[in-house]
Amino acid sequence: RSKEIGRNSFQLYKASMNARSLERLSMLSRFQSALENSEFELYFQPLQCLTSSRINSVECLLRWQDPNLGMISPAQFIPLAEELGLITQLDKWVVNRACEQMAFWHSQGAEIRRIAINISAQFLSQGDLALTVANALTKHRLKGQYLEIELTESSFISNLHEAKMQLKQLKSLGVSIALDDFGTGYSALSYLTKLPIDILKIDASFIAKIPDEYGNSEIVSAIIAMAKALNLQVVAEGVEKPEQRQFLQKLGCHTLQGYLFCKPLAANNWMNFYNSAKLTS
Ligand code: C2E
Ligand code: MG
Ligand code: MG
Ligand code: MG
C-alpha cells in the first residue's frame, strides 16, 4: 500500500516537473517574441520634490502587454525573467528605451532632471552594465547626469567587487546611484559607505504603516536622519495619504513617490501631466 502511494506521488511529481519545464519552455519563446513584437512598454512615474513641489525625477517601470493575457505586472514576470536568465536582455532594452524617452522629452523642452532605471542583480554582476549605459548615452546624445540607476541590496551580495567596479564606472559617466527598497532585505548598512551611493529609497512597506503602527514612524525618521548625516538624498516610496506626506515633510525627507502625487503613466499621457504639474508648482 505504502509502496503504491510512493509510486503515485512519484508519478505526480514527474507530471508536475514536466508541466513546469513545458511552462519554462513556452515562457522562453514568449519572452523572445514579446521583445520582437514590442509587447514590453515603459511607464513613467514622476517623483516630487517636497520643498519645491516640482518634479525631481521620473522612474521607468516596465509593463508587459500580452495580446492574449493583457497587462502582466512586473511583480509576476520579473522574478521569472530572472530565473530564466532573461532579465539582462530586458534591462538592456529598458536602458535604451529610457535614454530615447529622456532625449525626446528634452527635445520637447521638458526639463526633467533625471530618469531612473531599475537594474537587476544579474545584470550588475555580469560586468557590462556601465558599457551598456555608456553606449546608450552616446547613441541618444544624453549626458550621464540625466540618468539614475536603481539597485537593491541583494545586488551587492553575490559579487561586491564587480558591483564596486561597475558603480565606479557609472559614477565617472555622471550617473547617480540609488539604493531601492531600503530597509527590506539584508540592510547591511556598511554598503552605504563602501559603495558610491547617492540616493536612498525607503521601501513602501514602511511608508504604508505611517502613522498608525507602533515604532514605524521612528524607523522612518531614523532612516531619514541617517541619510541626511551621510549626505544622501532620501526618497519615500509608496506615499498614498496626505498624512504621510506631512509626516515626511516635517522630517525633511527630500522626495516623495507615490499615488498621492501621480501613478505611473504611459508615455503618451506624460506631456499632459508634465504641463499641468508645471502650472501648479
Ligand atoms: P520598485 O522599483 O520599488 O518600483 C516601485 C513600485 O511601486 C512600482 O511597482 C510602482 O508602480 C509602485 N508604486 C508607486 N507608487 C505607489 C503607491 O503609492 N502605492 C503602491 N501600492 N504602489 C506604488 P511596479 O511597477 O509593479 O514594479 C514592481 C517592481 O518591479 C519594481 O519595484 C522593480 O523592482 C521591478 N521593476 C519594474 N520595472 C523594472 C525594470 O525595468 N527592470 C527591472 N530589473 N525591474 C523592474
Ligand atoms: Mg525602483
Ligand atoms: Mg522600491
Ligand atoms: Mg523593487
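Predicted model: local features only at pLDDT ≥ 70, side-chain atom pairs only at ≥ 80, totals over all residues.
**First stop: helix 5**

Select residues 129–139, which form helix 5. Colour Leu 129, Ala 130, Thr 132, Val 133, Ala 136 and Leu 137, the residues of this helix that are buried. Then turn the view until you look down the axis of helix 5: the buried residues fall within an arc of 160°, so they line one face of the helix.

Next, select Leu 131, Thr 138 and Lys 139. These residues are exposed and lie on the other side of helix 5.

What do the buried residues of helix 5 pack against? To see the partners, display helix 3 (87–107), helix 4 (121–126), strand 5 (147–151) and helix 7 (160–172); the buried residues pack against these four elements.

Before leaving this region, select Arg 141, which follows helix 5 and has a positive phi, near 50°.

**Second stop: the magnesium ions**

Asp 180 bridges ligand 3 and ligand 2, and the two ions lie 4.2 Å apart.

Finally, compare two of the coordinating residues. Is Asp 180 buried or exposed? Its relative accessibility is 6%, so Asp 180 counts as buried. Asp 181, with a relative accessible area of 26%, is partly exposed.

Technical notes
Residues numbered from 1 in each chain as written. Chains lettered and ligands numbered in written order. Heavy atoms only, no water. Buried < 20%, exposed > 50% of the residue type's maximum accessible area, 1.4 Å probe, protein only. Helix = DSSP H or I, 4+ residues; strand = E, 2+ residues; numbered from the N terminus. Arc of directions from axis to C-beta. Contact = heavy atoms within 4.5 Å. Donors = N, O, S within 2.8 Å, 3.2 Å for Na, K, Ca; no water.
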